[in-house]
Amino acid sequence: MERLNFASSEHQLVKIVCSIVIKGHWDKLLKPKIGSVVTSSVLNQALLNLSPHGFSLSWSFFKWVETISQYKPSLQSSWTMICILTEQRHFRNAQNLLEKIARKDFLSSPAVLNALVNSCCFDPDVNSHVLSWLVIFYANSKMNPDALQVFDHMRVCGYKPHLHACTVLLNSLVKERLTDTVWKVYKKMTKLGVIPNIHVYNVLIHACCKSRDVEKAEELLSQMESISIFPDIFTYNTLISLYCKKGMHYEALSVQERMKRGGVCPDIVTYNSLIYSYCREGRMREALRLLKEIKDASPNHVTYTTLIDGYCRVGDLDEALKLLDIMEAKQLYPGVVTYNALLRKLCEEGRLQDSHKILNEMSERKVEPDVVTCNTLINAYCKIGDMGSALRFKSKMMEGGLRPDQYTYKALIQGYCKAREVNRAKETLFDMLRAGFSPSYCIYMWLVDCYNNDEDIVMLIGELEQGGLCVDISAYRGIIRRLCKKDRIECAERVYKIMGARGILGDSIVYVSLAYVYFRAGEAVAVSGLLDEMYKRRLVVTLGIFRSISASYSNDGSKLDVFWDTLTERGLISKPIYAQIQQMKL
């Protein structure tokens, strides 16, 4: 009975509020007699009742309510106003208000969305509009988990997302390299009846480029053509870029010919991808010829920087410097990437004085060095054993607001190891760990090479643990691999036993490294034991492991072949991998 009386009184109150608003006597709502009983629920219902009187009345009233401290609109009232604006096709105001509340409220929560959407009976098209805008807002704000929650809410409730919302969401996922999620969203949107257009296909082909999936990209291209969606310049450029990154130069040139036949003129992005492909393969003559053949487009910074980098990589610094002059004559001034290519080559040749001339030129032209610039010089100083200069450059780097990355620490550790300053190397390793970077195999290799005594290696593991390093399988793998390579079998075995005592199981690389070093030493029993353990744990040899071990012991010839045959007989190399191995030997 109390509920009925409450509902009746609230209904009367809504009528009173609407009457006051329609008559324009809004100040009456501020009087204590009415103001004290007007709830957010009453305001929300009043907005709904006012909407048939035209957009301007409900919208003006809502904005007035926003300015009154005692009547701050609730989330529900804001949502209702957004839906009213959308229904009356005032999309810009609706979108602005939606973005405003999305920044401060948890709109992506399924519980919140359910409550908001189910509280008012608006046309499904209105809900589709509003929820699609919300997907776009979250995707553009790099809040993909929220965008996905809203998208899934739409799917569950049967609301069809707008094509543009799907495109923006897919594009945002591609940028974050969430390729698996891209295909899941694409499948869901097509099931909801969203028909992809050229923009969706371009985003999907871009996803293939990010994941280097040539087969999928070609499948999408065929799919496009089967439904009369013709590729545009972006489609062709993405495909060419994909083929160039995969080293499929012939296929890239075929796409260029295909785009010409389709009436799409290549632009500078097309030419830059093809030039990059030639430079990557060291085919500088063809790259330069293509530069001269460019029509209807102007070479830019990327074009010349790619060529300069290409010439530096093939060791032709003179030609790279000539191109730098041509670039500047065309008023295309080099940026940090261009200078980094030149610095890398000069440092490789030990021309550190010339490197400093480049740095001075960068300073004069106000081109700020980046982490790559600093790492190049730090690495060069470490290689010649000038640790003082390397550290000074690291200090300048940090003063300039740049943070050392894993390559900075790696260069310094290598420098200290070469100088046999093991304690400084370990200190730098701990700095690296505190900065959140994980050591690579090379770092363990250099540290192991610093010690001739087996006890020092065992102590190193304890020191790493005490220094805060989580000595996991990657650390043991690196140490064991290097010890095996140095034929320090007894020490490798000790480390392997320590690893087991810590409850850490070996992986395929650990077992194969140990098995091969025992195989070389003629210890058949030890080899058999390790291979049996591999078989029990269902560990197998991958193509990567085969290549790594084969490269490490490239001079062993037939002995290595016999070892691989033994592993094949034991079922530790699968038939497809074995077939690839045989193909590599041809």
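These are legends for close-up views of a predicted model.

In the model, local features need pLDDT of at least 70 and side-chain atom pairs count only at pLDDT 80 or more, while totals for chains, interfaces and linings use all residues. Residues are numbered from 1 along each chain as its sequence is written, and side-chain values use heavy atoms, with hydrogens and water left out.

**View A. Helices H16 and H18 packed together.** Here H16 (residues 268-280) meets H18 (residues 301-313) at about 5°, and their axes sit 9 Å apart. Helices are DSSP runs of H or I with at least four residues, numbered from the N terminus; axes are lines fitted to C-alpha atoms over the stretch in contact, and angles run from 0 to 180 degrees between N-to-C directions. That angle makes H16 roughly parallel to H18, a label for angles under 35 degrees. On the H16 side, look for Ile268, Asn272, Ile275, Tyr276 and Cys279; on the H18 side, for Val302, Thr303, Thr306, Leu307 and Gly310. Contact here means heavy atoms within 4.5 Å. Sorted by type, the residues of this contact come out as six nonpolar, four polar and no charged. Nonpolar covers Ala, Val, Leu, Ile, Met, Phe, Trp, Tyr, Cys and Pro, charged covers Asp, Glu, Lys and Arg, and the others, Gly among them, are polar.

**View B. The largest nonpolar core.** This core has 196 residues, and the members touching the most others are Phe61, Trp79, Leu98, Val512, Val541, Trp564 and Leu567. Helix H8 (residues 124-140) gives the most to it, with ten residues. A nonpolar core is a set of buried Ala, Val, Leu, Ile, Met, Phe, Trp, Tyr and Cys residues joined through side-chain atoms within 4.5 Å. Buried means under 20% relative accessible area, exposed over 50%, and partly exposed in between (1.4 Å probe, protein chains only).

View C. You'll find Arg89 in the loop between H5 (75-87) and H6 (91-102), exposed at 60% relative accessibility.

**View D. Thr428 in helix H25.** Within H25 (residues 422-434), Thr428 is buried, with a relative accessible area of 8%. A polar atom of the Thr428 side chain lies 2.8 Å from the backbone oxygen of Arg424. Leaving aside neighbours within four places in sequence, Thr428 contacts Tyr409, Leu412, Ile413 and Tyr416. Tyr409 is 19 residues away along the chain, with 6.6 Å between its C-alpha atom and that of Thr428.

Notes:
Helix = DSSP H or I, 4+ residues; strand = E, 2+ residues; numbered from the N terminus. Parallel < 35°, antiparallel > 145°, perpendicular 65-115°, else oblique. Polar contact = N/O pair within 3.5 Å; in protein donor to acceptor, adjacent residues only side chain to side chain.
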